[in-house]
Amino acid sequence: MKEFKTILEQIALLEDRGLKVEDKARAADFLLHNNYYRVSGYSLTLRDHDVFFPNARFENIIDIYEFDRKLRHILLKRLDIIEISFKSIYAYEFSRIYGPDGYLDVANFTAPDRYQKTMGKVEKQRKSAEYTEPFVKHFEEQNEPMPLWAEVELFTFSNISILYSISKSDAQSAVAFHYGFRSKGAATQLGQVMKSMTIIRNLCAHGNRLFNRIFEQKPRLTKEDKGLLIMKDGRPDNSHLYGFVLLMRQLLPSDEFQSMKQEIEQAQDEIPFVRMSYYGFREDWRKKL
């Protein structure tokens, strides 16, 4: 077991490893409220194993941490827009094709096991909402099935993403059309895109680090968007956040995406220490994005 260390002992350990801590009171407050173990992930680019590079300062860690927090909030605001839009379009098109309660029929889906598992989660969510959501109580009292356009309000991003992925091709294609996915395989592509949005949304919502994160589940990009990635060993590097941001450009209204871009630019202008390349952004991202 690791030994417990007080905040002052944590600061002393960082100094022993070469980190310059000029304002110990600020450092102590920051560590108390943000957890030494969590903060250490934001210092990886400032050190070689446990030895900090010359001139590395505690304020650098705070800069990286604060920028990452700002970026999560900027993205989360737009991911909410994407989620709500996707739920609305899916409920509309699926109900148009299969009727208001067609989502309750497993025959309208291609993977019975995944359908049952997902709807089991939705059922738990519905029961939890019985006393907090008046519309749920209304349908319970009426003893009638809830139409999809109401039920969808209880779905998580993961729920709706899975249901879309196991919907039949006619429903998938109808939804994909609204997002401009119209070529062969477009319906499947949108499902993969929404899965990527679920990954980013969960990270942002739970305050997880995006800075210098390597993603094992890489976003599926068009040839054009791959051309906007950083090249590494002669190949596009699609393992960082930037690829997910490029996907968001396909899903958001143009003015909303531009607003998001401007907020990211403003955040970097406020905290210029942070290198955007650690998120996978090329040097010309302001011009190309």
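1. A word on the ground rules. Residues are numbered from 1 along each chain as its sequence is written, and side-chain values use heavy atoms, with hydrogens and water left out. As this is a predicted model, local features need pLDDT of at least 70 and side-chain atom pairs count only at pLDDT 80 or more, while totals for chains, interfaces and linings use all residues.

2. The protein chain has 14 helices and 4 strands (DSSP runs, H or I of at least four residues for helices and E of at least two for strands, numbered from the N terminus). Of its 289 residues, 46% are buried (under 20% relative accessible area, 1.4 Å probe, protein chains only). The C-alpha atoms fill a box of roughly 65 × 45 × 35 Å along the principal axes.

3. Do look at α8 (residues 157-165) and α10 (residues 186-205): their axes come within 9 Å and cross at roughly 165° (lines fitted to C-alpha atoms over the stretch in contact, with angles from 0 to 180 degrees between N-to-C directions). The two helices are therefore roughly antiparallel (an angle over 145 degrees). Among the residues that meet are Phe157 and Tyr164 in α8, and Leu190 and Met194 in α10.

4. Beyond neighbours within four places in sequence, Thr45 is in contact with Phe53, Ile64, Phe211, Asn212 and Tyr278 (heavy atoms within 4.5 Å).

Key
Angles under 35 degrees count as roughly parallel, over 145 as roughly antiparallel, 65 to 115 as roughly perpendicular and the rest as oblique. Buried means under 20% relative accessible area, exposed over 50%, partly exposed in between (1.4 Å probe, protein chains only).
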